[in-house]
Amino acid sequence: MTERQEAGQITVMTETVLATLYDKRSHFAGERALHLFDDRIEVTRNGRVETRLPLSTITQIRMSVEPAGGGVQVLCRARAGDQSLALGSLTSVGPRRWANNAPAFKAFVTALHRALASRGGEVEFVEGQPLALRLVVSAVGLAMTVGALFAGHHFFIVRENPVLGFVAGPFLLIGLALIWAFRPVRPAPYDPEALVRRMEGTPGGEPERAE
């Protein structure tokens, strides 16, 4: 254990690392290492501590499936007051290029849920995309839908060219699908123990599929 002084108080920190995840959230950000200890999460970059998030301050864990380049990834967000830490099942390896990081991600998320088990009802476990992301993607879907309807009207009615008009069909369907899939909804609670069972593929749950 180590000690550090903060605001006149001495805080004892344990040095038992439960899990480590190397993660890069974007092509423009450097790779970071997330270390899960008995009492905190530490994020280091280039060997220096960038973020220190005590587990005792975490009030919400959110799991969601979100776009990543041309595919999707599973994201886990830990929130503590005005602090938020996100980690994903994919890691950036270039512009719009992502590599599978699911095994390390699953091990870290599983260990995090186990470490928070003693907090009981103090931590809210929910699933679903954040409202800001849903509004942005829904707006993109709405723009695609309006654009497809305008194009369809232009080619069908104005230019009387039904062949080109049918080109707008797929964009209309994609736009409507995005609006429906990312419509604003309340986050749904989930059972953290059931998620751990799915992650580990133990009886009572199915193995988690890598994105």
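**Close-up views of a predicted model**

T44 sits across from V49 of β6. Before going further, a quick word on the ground rules: this is a predicted model, so local features need pLDDT of at least 70 and side-chain atom pairs count only at pLDDT 80 or more, while totals for chains, interfaces and linings use all residues. Residues are numbered from 1 along each chain as its sequence is written, and side-chain values use heavy atoms, with hydrogens and water left out.

View A. Strands β5 (residues 40–45) and β6 (residues 48–54) run antiparallel and are joined by six bridges. Strands here are DSSP runs of E with at least two residues, helices are runs of H or I with at least four, and both are numbered from the N terminus; two strands pair if DSSP finds at least two bridges between them. Two residues lie between the strands of this hairpin, and N46 takes a positive phi near 55°.

View B. E50 and R45 meet in one, at 2.8 Å from N to O. E50 is partly exposed at 43% relative accessibility (buried means under 20% relative accessible area, exposed over 50%, partly exposed in between, with a 1.4 Å probe and protein chains only). R40 pairs with D39, their closest N and O atoms being 2.9 Å apart. R40 counts as buried at 2%, whereas D39 is partly exposed at 23%.

**View C. The D23–R25 pair.** The side chains of D23 and R25 form a salt bridge with an N to O distance of 2.8 Å. D23 is buried, at 0% relative accessible area, while R25 is partly exposed at 24%.

**View D. The largest nonpolar core.** This core has 28 residues, and I41, I58, I61 and M63 have the most contacts inside it. A nonpolar core is a set of buried Ala, Val, Leu, Ile, Met, Phe, Trp, Tyr and Cys residues joined through side-chain atoms within 4.5 Å. Helix α1 supplies the largest share, five residues.

**View E. Around M63.** Leaving aside residues up to four places away in sequence, M63 touches several others, including V74, L75, F105, V109, Y190, L195 and M199. Contact means heavy atoms within 4.5 Å.

Terms used
Salt bridge = Lys/Arg side-chain N within 4 Å of Asp/Glu carboxyl O.
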